[in-house]
Amino acid sequence: MSRASIAIVGAAESTRMGKVPELSQTGLHADAALNALTDCGLRPDDIDGVATGGHDVAEICQYLGITPTWYDGTSVGGCSFITLVRHAAAAIRQGLCTTVLITHGESGRSNNRNHRPIFPSMQQQEFESIYGPLIPPSRFTLPVLRKMKDDGLTLEQLAMVAVVQREWAAYHPRATARDPITVDDVLSSKMIAWPFRKLMCCLVSDGGGALILTSAERARDFPTKPVYLRGAGGESIEGPMISQMESFSSSKAFRVSGKAAFDSAGISHAEVDHLMIYDAFAHLPVYGLEDLGFVGRGEGGAFIAEGHTRPGGKLPLNTNGGGLSYMHSGMYGMYALQEAVRQMRGVSPGQVEGAKLSVVHGVGGMFSAAATVVMTTEDGW
Amino acid sequence: MNQRQIPTIHPETRFYWDGARQGRLLLNSCPACDKAYFPPRPFCPTCGSRDVTVIEASGKGRLYSYVISHLPAPGYEPPFTVAVVQLEEGVKMVTNIVDCPAEPELLVLDMALEVTFESRGDVTVPQFRPAGGGT
Ligand SMILES: [Zn+2]
């Protein structure tokens, strides 16, 4: 019998999401942080560990009035917050701090900020962006035609990713896009970067989110239902140059991160009740399902198109509507974590009945990085 | 503002851009691994050896993957093709597909490509077009 050692005791998103022109990016971090503190009955001076990605962790500490004994500013893109959950858990286990606040805020739409969230890559600039793929829709999508040819992934299957996730978004009052869509709607939406059309691409939003972690032992003293981490999660890097991906049909970082998380948790795929896979674009859930091992190589598109991930399906996936329909600030990973926490607390508007085990997997920096964590309602297994 | 981006050239990559200016596509290669690699750096990313050489690529490759971008980019008139070419030497690199309309029917995966060169001010940038001089 293993006992849980770390729990998420506080979780909240920013008060408003989507268009939040009245707040700066730093202000979005703080708004979400204060909401998470309120959620679990803490004050800023109860926090001794602070972590954030894509933003200076020192500014967040000072803005919130926190003097930490541990901090982490790992910034590898949208999965940074998933990475930071496992880093924070390791720090708490090691005794470096007792109570960690992880914050995210991003003024992706209103652009009330003075920096971009990810470090520029020297070689990406010198050898890739000079050819025009400056922004995610024309860069993150580059491998997909190869995968379509090699693995039989179809445009209709990619469109179904967006259709199914919109079904989930309909449950969520806070989701940006909730009206039902069809495959035809997706395939006739505005062309962005062939073969990707607008409805296969994420939203561009303002928002924030924050999590508070502590030891499982202390978690019992909090008013919230603890959400436990199972195992140590996983993370990996393939790198910022999209052309240098070993395979265009599979992400090495996904495979390494996912395997580490599953091995550490000691779980099988059949045990997973709920799954979040960061979806900046419609192809990512397909790569995620395959690279995490839920389906075989080349089977991810058909699995989604057959309805297995939709409401009522055997593997509920991206139950908030994902980056395609819920919100996407730029570094969406925090919102995948928030939905998994809601599911484990049993309070998601798109609640999966009886869900006890959730896997959260994210991508960062356009196939550059990946991270995976496993959450559970159970304090032992 | 309407100019295509100029690469920021670093000491370790100077040879690549000097080669391009002479109409040659130069790659680093590791004799121990018998393998070319990209982008350039003064050691082999497979074995770590600093004993690496510069080779001239044949300039032939195949269309590995692409998108047709309808988004603005400095100096580009959408739609334009952003592609990955796999060279005969095995390495993959980003390129545009020039001398070919940006239409899916004309851009067939695995079609043969050949290197050509584009001037951007003082810098020459390798580009690829359909083999045989384009359409
Ligand atoms: Zn070598």
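**From a hairpin to the interface and beyond**

Guide: Let's start with Phe117(B), whose bridge partner in strand 8 of chain B is Pro126(B). Keep in mind that we're looking at a predicted model. Together they make a hairpin with two residues between the strands, where Gly121(B) takes a positive phi near 60 degrees.

Now go to the other neighbour of strand 7 of chain B. Strand 4 of chain B pairs with strand 7 of chain B, again in the antiparallel sense, over three bridges.

Ala193(A) is one residue to look for here, with Ser69(B) as its bridge partner in strand 4 of chain B.

So much for the strands; what about the rest of that interface? In total, 32 residues of chain A are in contact with 42 residues of chain B. About 3100 Å² is buried between the two chains, and carbon and sulfur atoms give 61% of that. There are two salt bridges across the interface. Arg146(A) and Asp110(B) meet in a salt bridge, at 2.8 Å from N to O. Polar contacts between chain A and chain B come to 21 residue pairs, counting those with both residues at pLDDT 80 or more. On the chain A side, the elements giving two or more residues are helix 4 (122-127), helix 5 (144-151) and strand 5 (191-194). Helix 4 of chain A gives the most, with five residues. By class, that side of chain A has 19 nonpolar, eight polar and five charged residues.

The contact between them takes 40 residues from domain 1 and 37 residues from domain 2. Between the domains about 2900 Å² is buried, with 61% from carbon and sulfur atoms. Glu13(A), Ile82(A) and Arg86(A) supply 22% of the area that domain 1 buries against domain 2, more than any other three residues.

On the polar side of the domain boundary, the count is 25 residue pairs in polar contact, both at pLDDT 80 or more. Strand 1 (6-13), helix 3 (80-93), strand 4 (100-107), strand 7 (206-215) and strand 8 (227-229) of chain A each supply at least two residues of domain 1's side. That side has 16 nonpolar, 18 polar and six charged residues.

Four salt bridges run between the domains. Glu13(A) turns up again here, in a salt bridge with Arg342(A) whose closest N and O atoms are 3.0 Å apart. Over all chains, the structure holds 28 salt bridges. Glu13(A) sits in strand 1 of chain A and Arg342(A) in helix 13 (residues 333-345) of chain A, so this pair ties together parts that are 329 residues apart in sequence.

Note on methods
Residues are numbered from 1 along each chain as its sequence is written. Chains are lettered from A and ligands numbered from 1 in the order in which they are written. This is a predicted model: local features need pLDDT of at least 70, side-chain atom pairs count only at pLDDT 80 or more; totals for chains, interfaces and linings use all residues. Side-chain values use heavy atoms; hydrogens and water are left out. Contact means heavy atoms within 4.5 Å. Buried area is the accessible area (1.4 Å probe) that two parts lose on being put together, summed over both. A salt bridge is a side-chain nitrogen of Lys or Arg within 4 Å of a carboxyl oxygen of Asp or Glu. A polar contact is a pair of N or O atoms within 3.5 Å; within protein, one must be able to donate a hydrogen and the other to accept it, and residues adjacent in sequence count only if both atoms are side-chain atoms. Helices (H or I, at least four residues) and strands (E, at least two) are DSSP runs, numbered from the N terminus. Ala, Val, Leu, Ile, Met, Phe, Trp, Tyr, Cys and Pro count as nonpolar, Asp, Glu, Lys and Arg as charged, and the others, Gly among them, as polar. Two strands pair if DSSP finds at least two bridges between them.
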